[in-house]
Amino acid sequence: KRVAILISGGGSNMVALAQSMCGDHPARPVLVLSNNPQAGGLAKARGLHIPTMAIDHETYGVDRTGFEAALQKALETARPDIICLAGFMRILSPQFMEKWDGRMLNIHPSLLPKYKGLHTHARALEAGDAEHGCTVHEVTAALDDGPILGQARIKVQPDDTPQTLADRLLPLEHALYPAVLARFACGDRTPVILPA
Ligand code: GRF
């Protein structure tokens with residue numbers, strides 16, 4: 001299976017995914033693409049010998065369709081079977097999504113369906129939640145919606161801040177996303193729940 005990974009920033013989830021696709025794993029990374037030419041993840045992908053591409057969404061101004069047309073063209077060249085959004089911070093239109101329906105995954109730093117959108121750690125703290133976590137889901141036209149393919153949970157500590165939550169969650173994301181991809185690449189949609 002050919003996997004394209006879309007990033008916007010540091011790309012730590014992309015690194016975890018890429019490093020998991022080795023040996024007899026049914027998938028291989030074929031492209032790392034960022035909407036941000038300055039994304040630190042692009043250098044990490046080059047270090048992993050994965051083809052990279054940057055399509056700067058700012059050069060398209062408010063013209064989302066222009067950006068998405070360039071994105072679609074790049075993806076049609078890379079021919080991925082699966083697209084993993086990993087810290088990708090652009091909302092994709094329903095028109096774009098329908099081309100990849102059932103073949104696009106995303107990781108979101110909350111226990112969906114709670115806290116769709118941004119600032120998930122602060123919102124979990126404000127709500128006084130005892131637990132927090134991250135979710136890998138199939139991407140559909142609705143933001144941070146779609147069938148859940150995996151979740152990892154952590155206990156919220158009394159002195160937690162949004163930053164300490166994010167820091168404790170990131171290693172779990174790096175365990176969850178590759179575990180979900182390994183199943184998804186084999187057509188297995190049984191949810192992965194961590195800790196096991
Ligand atoms: C992570 O918090 C992840 O949950 C969210 O983007 C953040 C950065 O991820 N999707 P990465 O280090 O760029 O993979």
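Me: Helices (at least four residues) and strands (at least two) are DSSP runs, numbered from the N terminus; with that in hand, where is the place of Leu92?

Reply: This is a predicted model, and in it Leu92 belongs to the loop between S4 and H4. Arg90 lies in the loop between those elements too, with strand S4 covering 82-85 and helix H4 covering 94-99.

Me: Is Leu92 buried or exposed?

Reply: A residue is called buried under 20% relative accessible area and exposed over 50%, with partly exposed in between. Leu92 has a relative accessibility of 8%, so it counts as buried. Once neighbours within four places in sequence are set aside, the contacts of Leu92 are with Glu68, Leu71, Leu85, Met97 and Met104.

Me: And what is the relative accessible area of Arg90?

Reply: For Arg90 the value is 25%, which means that this residue is partly exposed. Leaving aside neighbours within four places in sequence, Arg90 is in contact with Asn35, His57, Arg64 and Phe67. With His57 there is also a polar contact, made between the side chain of Arg90 and that of His57 at 3.5 Å.

Me: Which residues does UniProt list for "binding site"?

Reply: The record, an unreviewed entry, lists Arg64, Met89, Arg90, Ile91, Leu92 and Asn106 under that heading, and such annotations may be inferred rather than shown by experiment. From this set, Met89, Arg90, Ile91, Leu92 and Asn106 are part of the lining of the largest pocket. Over residues 1-181 the chain is 36% helix and 23% strand, with the end C-alpha atoms 11 Å apart.

Me: Which residues are around the ligand?

Reply: They are Gly10, Gly11, Ser12, Asn13, Gly87, Ile107, Pro109, Leu170 and Glu173. For three of these there are N or O atom distances to read. A backbone N or O atom of Gly11 is 2.9 Å from an oxygen atom of the ligand, whereas for Gly87 a backbone N or O atom lies 3.5 Å from a ligand nitrogen atom. In Glu173 the atom concerned is an N or O atom in the side chain, and it lies 2.8 Å from an oxygen atom of the ligand.

Me: How should I read a helix, and which residues of helix H2 are buried?

Reply: An α-helix has 3.6 residues a turn, so residues three or four places apart point the same way. In H2, which covers residues 40-47, the buried residues are Gly41, Leu42 and Ala45. They span an arc of only 105° around the axis, and therefore they sit on the same side of H2. These buried residues pack against strand S1 (2-7), helix H1 (12-20), strand S2 (28-34) and strand S3 (52-54).

Me: Which residues does a cis peptide bond join, with omega of about 10°?

Reply: That bond joins Leu112 and Pro113, and Pro113 is in the loop between strand S5 (104-108) and helix H5 (120-126). A cis peptide bond also joins Leu194 and Pro195, with omega about 0°, and Pro195 is placed in the segment after strand S8 (192-194).

Me: Finally, in which strand is Gln151 found?

Reply: Gln151 is found in strand S7, residues 148-155, and counts as buried because its relative accessibility is 9%. A polar contact is a pair of N or O atoms within 3.5 Å, and the side chain of Gln151 makes one with the side chain of Thr135 at 2.8 Å. Not counting residues up to four places away in sequence, Gln151 touches Leu111, Leu112, Cys134, Thr135, Leu176, Val192, Ile193 and Leu194. Leu112 and Leu194, among those contacts of Gln151, are the residues joined by cis bonds to Pro113 and to Pro195.

Conventions. Residues are numbered from 1 along each chain as its sequence is written. This is a predicted model: local features need pLDDT of at least 70, side-chain atom pairs count only at pLDDT 80 or more; totals for chains, interfaces and linings use all residues. Side-chain values use heavy atoms; hydrogens and water are left out. Buried means under 20% relative accessible area, exposed over 50%, partly exposed in between (1.4 Å probe, protein chains only). The arc is that of the directions from the helix axis to the C-beta atoms. Contact means heavy atoms within 4.5 Å. On a 1 Å grid over the protein atoms alone, a cavity is a set of points where a 1.4 Å probe fits but cannot get out, and a pocket is an open set with protein on both sides within 12 Å along at least five of seven lines; lining residues have an atom within 4 Å of a point. A polar contact is a pair of N or O atoms within 3.5 Å; within protein, one must be able to donate a hydrogen and the other to accept it, and residues adjacent in sequence count only if both atoms are side-chain atoms. A residue is near a molecule or strand if one of its heavy atoms lies within 4 Å of it.
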